[in-house]
Amino acid sequence: MSERPGRERELASLYATARSLTALGDVEDVLESIVRHAHDLIGTDFTYLSLLGDDGTLSITASEGTISAAFRSARIPPHTGLGGKVVDTRSAQWVEHYFEGGHLRHDPGFDSVVDSEGLVALLGVPLLVRDRVIGALFAAHRSRRGFRTDEIALLSAFADHAAIALDNARLYEESRSALAVMQRAQAVHEALTGAVLAGGGPLVVAGELAGQLGGQVEILDRDGVLLARGGAEEPASSEPGRDEVIAGVIEQARRAGRAVTAPGPDGRCHSAATVRAGDSLLGTVVWSHSEQPSAVDARSLELATHVVGLLILKDNAVADAAERLSGELLTELIVAGPQVSATQRTRARSRGVDLDALNVVVIASADGVTAAGLVRHLHPIARQDSGLAGEHLGQAVLIAAAGPAEPFARTVHQRLRAASGGPVTVVCERVTGHDWARAVSRAAGCTAVVRHLGARDLGTTTDRFALYALAFDADRRDELDRFLADAIGPLLDYDTKRSTELVATLDAYFGNDGNLRRTARALRVHLNTLLKRLDRAADVLGHDWRAADDLPLRLAVRLECLRRAVLR
């Protein structure tokens, strides 16, 4: 009965202090309040609180009473001392004398700090949140003493309230930090949006973002080509290993779908966030800076990609419209013939194109690449050379103003090859008197001949293949017909009436230098079948062509095969 008033005062103090903890929102304030109230409740020489790290180490984060700086900075290794036992057992533990507690595991480093502090008796209770230990609360004496059951129960009960208050304060602080991140990121997003609405392009956006975040910002297109750079820092393109780091960060960002950061060889950090529209990759925003980015910075960079995405989509839409108009005008000029209307001249001038200066036509083709795909790469060349590009009758066509045709063809070939990443055939033909239709026809025919001859990767002109002009020049079609009729007319008639392949057989025979076995393999026929076809060709021609001068026959067969390639 004599102890009852004291117990009631302790309980009243416990609940009063618990209520006061719930009113605090800052983690540091809660920690300090916990140890101060625990010190008052238990009345020991000093009280301290340790939080549990991810590696299992206990670190002192708050204390009340006189203790040294060395003790406050001490770290208790996992499973060590009384603190380790409290964490492992998840229950209250105490010792009358720390160094006489034979059931404790000691660490020489921590024991030295305990000895210099004069710590003797120690009581520790766990801080539990949702059945998880987050730390421990300790009450300590500098003299030997035991701890009563009511003291242990009181400190344990207080620790339960304190753990909840500490967890609430942490959640509140995290929420407040998250809100700050969103508000800051939103402010950056609004600044970028305002810059775009005011008519700013990629250069303005890169400069605005660099001004908000610091460092240097680069905006790249989907192929990694630099669109704009902003910021005060000079590009460190000569820095060894920088490009490899940035390429790696970009690849990681594409896979992760969020901002990714990696350190560069000079200690700077490089961050990247991809610009996407649905599943389509539009580009990348790269940020180079001197410090590890905060959560606010990373979120700001991710939100910036939304604005950059809208800007790229807008620019792409404008470019697509311009390219579509370029293709439509190109088709009109080819179809309409040499006569150019005033309307066409006006439309061309609005695009910065002088129709009188368009003196070359280019046809481009490549295995595995559509005409539309090649046209996409031709448009930048057309803009640079004040020309037009588009697709006409399934062909990728460029009409441009150029100097000598041969160097121009090689230049276009090199650029297309670099852009498409594979072999490309480019054939150039000069234009006279606005007759783009004839130039397109000759260049397209020559392209078919060149590819039939096995060439897949070159830039050339029709003049280089003048020997085969009979096959691809529409103006000489009558000459070709007369020559073929005189040389292999009977073979052509025989194949047409009987659906045979005597001309193709002779072409394979000549192509294999008269080797019968190689020819049979090429035609995928039996050797006897080949011999019968060759004999039949002699019968149809009316003479033994193998015993005579076969040059006219060889030339006629080759020209016929080339003509078929052109007419496909």
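Author: The lining of the largest pocket is made up of 12 nonpolar, three polar and 10 charged residues, where Ala, Val, Leu, Ile, Met, Phe, Trp, Tyr, Cys and Pro count as nonpolar, Asp, Glu, Lys and Arg as charged, and the others, Gly among them, as polar. The model is a predicted one, in which local features need pLDDT of at least 70 and side-chain atom pairs count only at pLDDT 80 or more, while totals for chains, interfaces and linings use all residues. Residues are numbered from 1 along each chain as its sequence is written, and side-chain values rest on heavy atoms, with hydrogens and water left out.

A pocket here is an open set of points, on a 1 Å grid over the protein atoms alone, where a 1.4 Å probe fits and protein lies on both sides within 12 Å along at least five of seven lines; lining residues have an atom within 4 Å of a point. Grid points are joined across faces, edges and corners, and a volume is the space filled by probe spheres set on the points. On these terms the largest pocket has a volume of about 860 Å³, and of the 25 residues that line it, Arg222, Asn316, Glu323, Arg376 and Arg383 lie nearest its centre. Two or more lining residues come from each of α9 (295-336), α11 (371-384) and α12 (405-420), and α11 contributes the most, with eight. Such elements are DSSP runs numbered from the N terminus, helices being H or I of at least four residues and strands E of at least two.

Strand β2 (residues 58-64) is joined to β1 by six bridges in the antiparallel sense, and Glu64 in β2 is the bridge partner of Thr47.

A search of the whole structure also finds 11 aromatic pairs. One of these is the pair of Phe46 and Tyr48, which is stacked, at 6.3 Å centre to centre and 25° between the planes. Rings of Phe, Tyr and Trp (its six-membered ring) pair if their centres lie within 6.5 Å, and planes under 30 degrees apart count as stacked, over 60 as edge-to-face and the rest as tilted. Tyr48 also forms a stacked pair with Phe138, at 4.7 Å centre to centre and 20° between the planes. Because Tyr48 lies in β1 (residues 46-52) and Phe138 in β6 (residues 132-141), this pair ties together parts that are 90 residues apart in sequence. Tyr48 is buried, with a relative accessible area of 1%, and Phe138 is buried at 1% as well, buried meaning under 20% relative accessible area, exposed over 50% and partly exposed in between (1.4 Å probe, protein chains only). One aromatic cluster is formed by Phe46, Tyr48, Phe71, Tyr98, Phe99, Phe110 and Phe138.

Lastly, Arg130, in the loop between β5 (121-129) and β6, has a phi near 50°, a positive value in a residue other than glycine. Arg130 counts as exposed, at 62% relative accessibility.

Terms used
Two strands pair if DSSP finds at least two bridges between them.
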